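Subject: Structure handover

Dear colleague,

Please find the structure below. My notes on it follow.

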Amino acid sequence: MAALGVMAAAVCAFPAPALADHTDQVAYTEGVVLKPGDRGEAVKVLQERLHRGRYYFGKINGVYDDQTKMAVWALQKHRRMMPQGEVGPKVWSALDRTARRRPLVPNGGANRVEISLRDQLLTVYRDRKPALITHISSGAEVRYCEDGRCGNAITPVGDFRVSRRAPGWTVGRLGSMYNSLYFVGGIAMHGSTKVPLRPASHGCVRVPLTTSKRLFEMVKVGEPVYVRGSIM
């Protein structure tokens, strides 16, 4: 397979052939390395396969943007790889394999949300099977002061339930939140434009924007939310 730059130029010059099935996609991506900012048919294949794996819920548009990058991070963390933006042989291989990972709460409800602070991952289960897996950024576990109010940026560990939903954008004293799902006091799972590779929130669980739309569709008031682990 030619290098990415050569392949990208070819894609621009001629329409890429339709990839009929999974076998065609595997052959097409053999040797391909993708990075944020790339465009083309190989990126579409990546997005489609991330979507099938329940990691990506954005547009299948062939653009390796931030939402695609965070889905790659989710896959890498879920498969015990170092999260980074580059997609090479290890990522393509992981997309070909079925994940075998023990739930945080094996005896939890058939439909539930699990949040791993250690791995910075959120998983939604439906009928005891993962239906959404996403990169998150939880509480930074530092003391903060905003507009004369101080507190500790901690995402609490424990067993909770979604108590309230707030669709769309809402603005509070600590910032903007999108499609918020509150599960303990003012702590919520919500979409954000800033979901870095580190715990950085005031205590909420930040989720990529496109994924937050699907998360909000799936999770209703009363659904169990299990938070486990530590960021240290």
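Contact here means heavy atoms within 4.5 Å. The model is predicted, so local features need pLDDT of at least 70 and side-chain atom pairs count only at pLDDT 80 or more, while totals for chains, interfaces and linings use all residues. Residues are numbered from 1 along each chain as its sequence is written, and side-chain values use heavy atoms, with hydrogens and water left out.

Annotated positions

An unreviewed UniProt entry lists H190 and C204 under "active site"; such annotations may be inferred rather than shown by experiment. Both H190 and C204 belong to the lining of the second largest pocket. A pocket is an open set of points on a 1 Å grid over the protein atoms alone, with protein on both sides within 12 Å along at least five of seven lines, and lining residues have an atom within 4 Å of a point.

H190 sits in strand β9, residues 187–192; strands (E, at least two residues) and helices (H or I, at least four) are DSSP runs numbered from the N terminus. H190 counts as buried because its relative accessibility is 5%, where buried means under 20% relative accessible area with a 1.4 Å probe and protein chains only. Beyond four places in sequence, the contacts of H190 include M177, Y178, R206 and C204.

C204 is in the loop between β9 and β10 (205–208). With a relative accessible area of 11%, C204 is buried too. Outside its sequence neighbours within four places, C204 is in contact with S137, S138, G139, T155, M177, G186, I187, A188 and H190.

Q67

Q67 belongs to helix α4, residues 66–78, and is buried at 17% relative accessible area. Its side chain makes a polar contact of 3.0 Å with that of T210; this is a pair of N or O atoms within 3.5 Å, one able to donate a hydrogen and the other to accept it, and residues adjacent in sequence count only if both atoms are side-chain atoms. Leaving out residues up to four places away, Q67 touches Y56, P208, L209 and T210.

Nonpolar cores

A nonpolar core is a set of buried Ala, Val, Leu, Ile, Met, Phe, Trp, Tyr and Cys residues joined through side-chain atoms within 4.5 Å. The largest has 23 residues, and I115, L122, M189, L215 and V225 have the most contacts inside it. Elements giving two or more residues to this core include β1 (112–116), β9 and β11 (224–228). The most, three residues, come from α6. A separate core of 21 residues includes L46, L50, V72 and I133.

Regards

Notes
On a 1 Å grid over the protein atoms alone, a cavity is a set of points where a 1.4 Å probe fits but cannot get out, and a pocket is an open set with protein on both sides within 12 Å along at least five of seven lines; lining residues have an atom within 4 Å of a point. Buried means under 20% relative accessible area, exposed over 50%, partly exposed in between (1.4 Å probe, protein chains only).
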